[in-house]
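Reader: I would like to learn how to read salt bridges. Where do we start?

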Amino acid sequence: MTAFKSDFLRTLSERGFIHQTSDDTGLDELFRNETVTAYIGFDPTAPSLHAGGLIQIMMLHWMQQTGHRPIALMGGGTGMIGDPSFKDEARKLMTPETIADNIAGIKRVFANYLTFGEGPKGALMVDNADWLLGINYVEFLRDVGRHFSVNRMLSFDSVKLRLDREQSLSFLEFNYMILQAYDYVELSKRYGCRLQMGGSDQWGNIINGIDLGHRMGTPQLFALTSPLLTTSSGAKMGKSAEGAVWLNPDLLGAYDFWQYWRNTEDADVERFLKLYTVLPLDEIARLGALQGAELNDAKKILATEVTAMLHGRAAADEAAETARKTFEEGAFAENLPTLNIGKEELDAGVGLLALLVRANLASSNSEARRHVNNGAVRLNDQVVANDRLLVDYGKLIGGKSLKLSVGKKKHVLIRPS
């Protein structure tokens, strides 16, 4: 492992963010001698990023914390085409209105990790639609397209995988890598950007941008990629049994977000503390060395620290306390996720299996039935064995709510609306 001298690269290296760089020595010197501007691109394919993209956000966070200027590039222009990288088929095309709505949702996340401003270290949020949507196609082909070799583009893994599987790769998508490379050149000209970062699957696209910059007269540009993360058991980061672990609070609340990190596998605790929190490395080493039941304390700290960065310290502490009351004291915690059921429907009674599905505690009636048959379902902490049970108004405690649970960690409050 390279012994970096600059604060930024040393921090990223010590915490496990670096997979590959285009020039260790040159990039280290740049960060030692200048205030560097670097960017990461984000596709607006959904109204929120999810936890799988948090490693990229943390890289931008550490850039600013070590005295440099991060740019979060929104793909408002490239999003109209869709990144074909390692996809089995073309993305569905989004309307400009959908893209704009998605960008607005994504912007809300970044304010928790970056300080935006006009100064030399103030973070920027830029949309590549600003330059891509005004391109004159003939001029672009003449000035930019002539620098690209189709033979070389066909050699990229992201393209070869599609062709080897005899899956269609449209001309629209093929242009994506040219536009992404041009983004790097445009950011270099507009903002003095010298570094593009991204996941290791973006290496070819980033190198394309460096080569294009060299041909179009930019200063030396650099690449840095992070490892593509999975959990120790091979699960994809940012996904849970219930679906995507969204970063926007209106899509996933602080309590559920906290629970995702609390359920981290034992082997991942120290690694995730390094990547997703700002705790000192010596404290992380101490927590990572804990064994057995004590390791659960480290998981709670991980969950609280990650949640605090996104949702704020008060919400994180409240989520931790809700979990403590629910799991350690068996109490009714008012901050649990809530499902509201109409009073008339409760008077008539709602089938237990349907209720489990509506509460997102099961994906189907058959899965719900398996939970019941396995003794995993409880109402107000009492095991339910009857999968034909009707849950009605009379089962609410004090007429106010009941707690529906699957296993020890999944709970939803049912309330009348």
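Author: Start with one pair. Glu345 and Arg358 form a salt bridge, with their closest N and O atoms 2.6 Å apart. Glu345 sits in helix 17 (residues 343–348) and Arg358 in helix 18 (residues 352–358), so the pair ties together parts that are 13 residues apart in sequence. This is a predicted model: local features need pLDDT of at least 70, side-chain atom pairs count only at pLDDT 80 or more, and totals for chains, interfaces and linings use all residues. Residues are numbered from 1 along each chain as its sequence is written, and side-chain values use heavy atoms, with hydrogens and water left out.

Reader: What is a salt bridge? And how are helices and strands defined?

Author: A salt bridge is a side-chain nitrogen of Lys or Arg within 4 Å of a carboxyl oxygen of Asp or Glu. Helices (H or I, at least four residues) and strands (E, at least two) are DSSP runs, numbered from the N terminus.

Reader: Which residue forms a salt bridge with Asp387?

Author: Arg369 does, with the closest N and O atoms 3.4 Å apart. Asp387 lies in the loop between strand 12 (382–383) and strand 13 (390–391), and Arg369 in helix 19 (residues 365–373), so this pair ties together parts 18 residues apart in sequence.

Reader: How many salt bridges does the whole structure hold?

Author: The search finds 12.
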